[in-house]
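Reader: Hi! I'd like to go through this one with you before I set anything up. Could you put it on screen?
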Amino acid sequence: MSHLILKLIFISIFTLCIALSLTACGGKQSSNTNSKNTQTEAGSEASGKSDSKLDDLYQQENQLFADHADAWNKAFGMMNKSDADPNGNYADYLAGTVESNKDSFTDDELKTLNEDIETIRKIEEQIAELENKNKSSDDNKKDSSKASSVFSDFSGEDFDGNKVDDSLFSGNAVTVVNFWFTGCKPCVAELSKLNELNDAIKSMGGEVVGINTETFDGNKTAIKEAASVLESQGVKYRNLSIDSSSAAGKYASEIMAFPTTILVDRNGNIVGEPMLGGIDNQDNYDALMKQIQSVIDADSTNK
């Protein structure tokens, strides 16, 4: 439900409270908090401070209505909620109502209402800023959750037909997953370096795993070609064929630049940002090793 419509629902409640007396309706804060909770129900514990600030801001608006109840009760009675733009600005809506009915107010009432509206406008700017921050935080969490779910219920086969599941990740402090395809020259060029990396991190609790995107769904011809390339480069680390419709398969299908290498912790969560480009470039190799060490250190700390 839109911000403005929720405000107008609150206005209806507030007007009724005035008619019955503010005390009889259980106070302004209860109505205000219910309105705030509806708008921010997607918030999390991490946004607790923001929610507290939102509470305070809504209460400031509420207090203006209470302090000048006679004038605002008159204005609320003139509002036509059906004409409100659901995406409109609350302060603009209040100002429009007052302006279109200005002959119904005394000069003092008009002065009070317009001053309150300008205060409300500033409060609404702060509310919008906090709500945008909360939304951004929620979006980031969704993105993080999406990335973390890539290797949940993971399954595949190595090129010898051996089944692999998500225990692949739980058995390693870090798994380096390299996405490549046979016709990609930069991909092939880094294979021997990836094999060297695999040997280097074994004693550290790490492993390199290759996923060739041409071998999806057990494509035997593609697997044979990829295996031949791997053998020519002296590669010994595992390469896998996965289901294209799986979460990992869909993730790989969205990769736009090859080779791409990611790090996965023992819980199957992607850690850090993907590395684009081959690690036969020494700078890339050094940067990746630094990231690998960081994941291993974190794993050791969490044990």
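Reader: Thanks! In which helix does glutamate 109 lie?

Author: Glutamate 109 lies in helix H6, residues 107-148. Helices here are DSSP runs of H or I with at least four residues, strands are runs of E with at least two, and both are numbered from the N terminus. Before we go on: this is a predicted model, where local features need pLDDT of at least 70, side-chain atom pairs count only at pLDDT 80 or more, and totals for chains, interfaces and linings use all residues. Residues are numbered from 1 along each chain as its sequence is written, and side-chain values use heavy atoms, with hydrogens and water left out.

Reader: Good to know. Is glutamate 109 buried or exposed?

Author: Glutamate 109 counts as buried, because its relative accessibility is 18%. The cut-offs are under 20% relative accessible area for buried, over 50% for exposed and partly exposed in between, with a 1.4 Å probe and protein chains only.

Reader: And what is glutamate 109 in contact with?

Author: Leaving aside neighbours within four places in sequence, glutamate 109 is in contact with Ala71, Lys74 and Ser104. A contact means heavy atoms within 4.5 Å.

Reader: Let's zoom out. How many helices and strands are there in the protein?

Author: The protein has 12 helices and seven strands. Of its 303 residues, 42% are buried. Among the contacts with a separation of 6 or more, 73% are between residues 24 or more positions apart.

Reader: What does the accessible surface come to?

Author: About 15800 Å², and carbon and sulfur atoms hold 48% of that surface. The areas come from the Shrake-Rupley method with a 1.4 Å probe, and for residues only the protein chains shown count as cover.

Reader: Now the strands. How many residues of S3 are buried?

Author: Seven of the seven residues in S3 (174-180) are buried. In a regular strand the side chains alternate between the two faces of the sheet. In S3, Val174, Val176, Asn178 and Trp180 point one way, while Thr175, Val177 and Phe179 point the other way.

Reader: Which sense does S3 have with S4, parallel or antiparallel?

Author: Parallel, over seven bridges; strands count as paired if DSSP finds at least two bridges between them. Valine 177 has valine 209 in S4 as its bridge partner. S3 is also joined to S6, by six bridges and running antiparallel, and there threonine 175 is partnered with valine 264.

Reader: What does S6 do on the S7 side?

Author: S6 and S7 (residues 270-276) run antiparallel and are joined by four bridges, with leucine 263 opposite valine 271. The two strands form a hairpin with four residues between them, and glycine 268 in the turn has a positive phi of about 85°.

Reader: Which non-glycine residue has a positive phi?

Author: Aspartate 217 has one, at about 60°. Aspartate 217 is in the loop between strand S4 (206-212) and helix H10 (220-232).

Reader: Where is the cis peptide bond?

Author: The bond from phenylalanine 258 to proline 259 is cis, with omega near -5°. Proline 259 is in the loop between helix H11 (247-253) and strand S6 (260-265).

Reader: New topic: what does the side chain of asparagine 239 make a polar contact with?

Author: The side chain of tryptophan 180, at 2.9 Å. A polar contact is a pair of N or O atoms within 3.5 Å; within protein, one must be able to donate a hydrogen and the other to accept it, and residues adjacent in sequence count only if both atoms are side-chain atoms. Asparagine 239 is in strand S5 (residues 239-241) and is buried, with a relative accessible area of 3%.

Reader: And serine 241, what does its side chain reach?

Author: The side chain of serine 241 reaches the backbone oxygen of threonine 215 at 2.4 Å. Serine 241 and phenylalanine 159 are 82 residues apart in sequence but 7.0 Å apart in space, C-alpha to C-alpha.

Reader: Last one: which residue lies over the face of tyrosine 285?

Author: Lysine 193, at 4.6 Å from the ring centre. A charge sits over a ring if NZ of Lys or CZ of Arg is within 6 Å of the ring centre and within 35 degrees of the ring normal.
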